[in-house]
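Please find below my note on the model under discussion. It is arranged as numbered points, to be read beside the coordinates.

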Amino acid sequence: MANSSADNGRICKAVIVDLLPMLESSLREAMMQSKLRFDSSSIPKSIAKLYEMIACERSLDHKESHKQSILLLKATVYSKIYAYPFSLVPDYYLEIFADSCILLGILGIKDNIQAKSIEEVQEEFFKCVDIGLIVAGQLISNRRRQIVEDLATAFRNYDRSNLQLNEGDKLCSDEVKNQICQRYSHHIQRHMQVLTRPSHIDFEKYIESFQKSKRRRTETLQESDSGLVVEPLYLKGVAEQWPAFKKWNCVNYLLMALNNGLRLVPIEIGDSYVSERWSQQIMPFRKVLSSWIDNVKGESIDERNIYYLAQYDLLTQIPFLRKDILVPDYVFCDFSTSEYGTNRRKGNVSINSWVGPEGTISPLHTDAHDNILVQVVGYKYVRLYSRTLTKYQMYPISNSKKKEAEGNLDSSETIDMSNTSSVELEKGCFGAFFGDEDVSHLAELGDDFDFNAFSKLRERIDPKRIYREKYDKFPWESDYFECILGPGDALFIPCGWWHYVKSLSPSFSVSFWF
């Protein structure tokens with residue numbers, strides 16, 4: 001086995017050495033094209049000159065002066081980026097920062113490919129490159145992404161030979177389904193409409209049913225309506241044919257896809273972004289995955305160590321995973337966006353991943369987009385409140401939250417929280433989904449009344465009753481739908497609907513905003 005691993009390592013090194021000249025040339029050409037575009041912008045001349053000088057190098061050789069020039073470029077644009085709120089950083093600074101990270105990553109491979117192990121070489125490469133990919137995000141051209149992916153593929157082929165993809169831990173075990181049914185399923189009281197693997201025509205007919213209802217209501221009242229109020233829809237089985245449905249529950253497959261788990265990803269720390277101890281950090285996926293597995297095995301993890309990869313375009317950073325999914329046809333359906341009060345363009349889809357352990361929470365909030373939330377692995381509880389409810393009833397947070405992020409380029413930027421409700425459902429709702437599963441059987445016991453369990457329930461009643469009084473206009477017992485979102489299923493969340501999401505198990509979800 002040791003000899004086989006060594007042989008694989010030598011083969012991987014030979015492949016990478018052959019790739020580097022072509023990838024280096026491709027990156028240099030891409031930089032020169034960017035330089036022509038930068039000439040017409042307000043980029044400082046000193047940065048533009050340094051960028052051009054580096055782009056014109058004949059080869060990323062071992063000259064220390066060349067490496068120092070790249071480090072100087074990276075440090076200079078880093079300081080420029082840090083001077084702005086992140087949302088206002090000029091695009092060219094982000095692009096140059098990403099280019100400097102990719103250049104340093106390639107130079108690191110050339111310096112170390114013969115002296116160090118493949119594991120060490122790829123760890124150093126991704127530690128450098130992924131920061132650039134994360135910071136620049138959608139601004140990185142496909143050409144640059146392909147350069148990184150070509151090297152990632154070479155490393156991945158080595159990792160694949162050393163991982164048993166059909167063995168090992170599962171992100172969500174086979175016993176979880178039965179546990180979910182026993183603990184939670186009978187607690188769903190306010191069901192929504194369900195369609196099993198509907199076609200895009202079926203989906204459009206669903207939307208049209210509300211459009212017809214609106215027209216009838218408007219004619220009856222003889223006045224204009226405030227907008228089309230389409231209700232959420234449970235889409236059963238729509239992702240069961242995805243390759244991801246079978247592959248993503250395998251921990252070894254995820255490790256292989258993310259280059260032995262060495263790829264860096266942005267992580268939220270804490271069970272919810274409204275928590276006082278919530279923060280953000282960039283870390284290797286392997287560390288995150290290890291934390292989730294420890295959580296499954298019942299090892300102690302406090303709130304500060306709940307790692308959640310939330311609302312992040314992981315599939316663009318890792319194209320290997322992108323091929324495992326299909327964009328649902330529903331996002332291309334033709335219905336009037338003006339009635340939704342949003343300016344979305346048909347076919348303009350934003351894909352985000354949500355990966356985390358049991359217990360992660362997205363607090364009650366709204367989004368400015370229609371959403372198809374697909375559950376690939378595990379289970380989530382979702383509660384939705386109508387977009388017709390007023391701010392007076394939903395208590396949106398009026399202030400902003402400051403980012404406190406280790407590894408984030410701008411820790412002083414504030415986040416607008418006005419789309420999030422101040423109401424924390426865990427503090428005011430009863431039932432198994434909100435920590436009361438140990439006493440949920442009381443109503444069925446009859447003569448065999450469990451006084452110890454009743455005492456536990458009574459200890460919770462008063463604090464929750466007091467909390468409800470604080471938000472007395474909130475519709476605690478009405479105006480909502482709820483569901484347990486399971487593997488292979490999806491949920492259509494119309495624009496403007498308030499929704500609360502809690503993972504009931506380790507979970508991997510993909511959202512499609514459109």
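The points below take up a sheet, a helix, the cavities and a pocket.

1. Basis. This is a predicted model, in which local features need pLDDT of at least 70 and side-chain atom pairs count only at pLDDT 80 or more, while totals for chains, interfaces and linings use all residues. Residues are numbered from 1 along each chain as its sequence is written, and side-chain values use heavy atoms, with hydrogens and water left out.

2. The sheet. An open sheet is formed by 4 strands in the order β7-β15-β9-β13, with antiparallel pairing; strands are DSSP runs (E, at least two residues) numbered from the N terminus, and two of them pair if DSSP finds at least two bridges between them. The edge strands, each pairing on one side only, are β7 (361-365) and β13 (480-485). Neighbouring strands of this sheet are turned by 15° against each other on average, direction ignored, where the axes are lines fitted to C-alpha atoms and angles run from 0 to 180 degrees between N-to-C directions.

3. Strand β9 (residues 380-385) and strand β15 (residues 498-503) pair in the antiparallel sense over 6 bridges, and K380 stands opposite S503 in β15.

4. Helix α6. The 20 residues of α6 (residues 142-161) should span 28 Å at 1.5 Å a residue, and because the end C-alpha atoms are 28 Å apart, the two values agree; the expected span is 1.5 Å times one less than the number of residues, and a helix is a DSSP run of H or I of at least four residues.

5. Cavities. A search of the whole structure finds 4 cavities of 30 Å³ or more, a cavity being a set of points on a 1 Å grid over the protein atoms alone where a 1.4 Å probe fits but cannot get out. The largest cavity has a volume of about 130 Å³, and of the 14 residues that line it (an atom within 4 Å of a point), W354, S362, H365, H499 and V501 lie nearest its centre. Strands β7 and β15 are among the elements that each supply at least two residues of this lining.

6. A pocket. The second largest pocket (an open set with protein on both sides within 12 Å along at least five of seven lines) has a volume of about 680 Å³. It is lined by 27 residues, of which K177, Y379, G486, P487 and D489 are the closest to its centre. Elements giving two or more residues to this lining include α7 (176-183) and β13.

Note on methods:
Grid points are joined across faces, edges and corners, and a volume is the space filled by probe spheres set on the points.
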